[in-house]
Protein chains: 2
Amino acid sequence: MSLTLYDVTVPVFIRAFGNLTEILKKGEAFADEKGIAHKELLETRLVDDMYPLISQIQRASDTAKFVPVRVGQIENIPMADEEVTFADLHARIEKTVAFLNSVNSATMVNREDAEVIVKTRSGETKFTGKSYVLGFALPNFYFHVTTAYAILRHKGVPIGKMDYIGRSQ
Amino acid sequence: MSLTLYDVTVPVFIRAFGNLTEILKKGEAFADEKGIAHKELLETRLVDDMYPLISQIQRASDTAKFVPVRVGQIENIPMADEEVTFADLHARIEKTVAFLNSVNSATMVNREDAEVIVKTRSGETKFTGKSYVLGFALPNFYFHVTTAYAILRHKGVPIGKMDYIGRSQ
């Protein structure tokens, strides 16, 4: 037995989005209980020039989608980053998870050494399937999920690390 | 070709500790430049009841070490959590990386279905090697590394996400 690039990403992302959904629900319930405007929570940043909560979820969504897109050469479903409410974020997560659930794991087999080119504003970076997943996509995904958690924690939402990790294994 | 539990953890942790070392150096240089006491930076927390920077590094170290210990059944090298300076943190990271470098990857082969029991204050949690690595150790490791980054970012240290991701692939 061993692991494929699919095993270490797609089901992992789906699980993390499940945890994130619960964390966002706790954030919304907390805002309602304390009379905090949803908009205030959704636009909170840990640091002035870091992304707000909404963008952290958008970036986690894109990071997750791009793994099967780039490694499995599946067509992306672009999402327009137009979320403004908690309901919008839940819809974004649901669409992302539906996309991830639609991935045929076979497309991601034997892609460890395949070339993966990531184009950004600062130029192109060449990865292999393996270095892209392990050295970019996974740390980037967890960066955004952890930062979303930290933003809500910072605003006083009663969540703990086990909400981030998830209880069911 | 496929991946082992070793591939998706030990080299990944070693790389992340290299990035973390550079991030901590930038934090120390920033403190010196701005006349901020090292102790102030090292004891900063994102939220009052979250761990300070020093503990984030200690928890990342333990999380990384426990993967080969629990999955590969290698003897742990316990570390006493007595770090108080940047130099201490660098020494902790170096010892952790030396331990990770000493791991024989063969000990972590075919351990995906092996039972892994994690004992905490709140009881025992049973994992498989695979669920422990993918559903606990990796998200927990990135949680602490991201939070260490966010603490320094919050204090004004001039770092960006590429310092966290790392430039070399």
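Analyst: On a 1 Å grid over the protein atoms alone, a cavity is a set of points where a 1.4 Å probe fits but cannot get out. Points are joined across faces, edges and corners, and a volume is the space filled by probe spheres set on them. This model is predicted: local features need pLDDT of at least 70, side-chain atom pairs count only at pLDDT 80 or more, and totals for chains, interfaces and linings use all residues. Residues are numbered from 1 along each chain as its sequence is written, and chains are lettered from A in the order in which they are written. The rule gives one cavity of 30 Å³ or more.

User: How much space lies in the largest cavity, and which residues line the largest cavity?

Analyst: It holds about 50 Å³. Lining residues have an atom within 4 Å of a point. Among them are R15(A), Y142(A), L134(B) and P139(B).

User: How is the size of an interface given?

Analyst: Often as the accessible area lost when the parts come together. Buried area uses a 1.4 Å probe and is summed over both parts. Chain A and chain B bury about 3600 Å², 66% of it on carbon and sulfur atoms. Contact means heavy atoms within 4.5 Å. By that rule, 39 residues of chain A touch 39 residues of chain B.

User: How many salt bridges cross the interface of chain A and chain B?

Analyst: A salt bridge puts a side-chain nitrogen of Lys or Arg within 4 Å of a carboxyl oxygen of Asp or Glu. The rule finds two across this interface. One pairs D49(B) with R153(A), with the closest N and O atoms 2.8 Å apart.

Methods
Heavy atoms only, no water. Buried area = accessible area lost by both parts, 1.4 Å probe. 1 Å grid on protein atoms, 1.4 Å probe; cavity = no way out; pocket = protein on both sides within 12 Å on 5 of 7 lines; lining within 4 Å.
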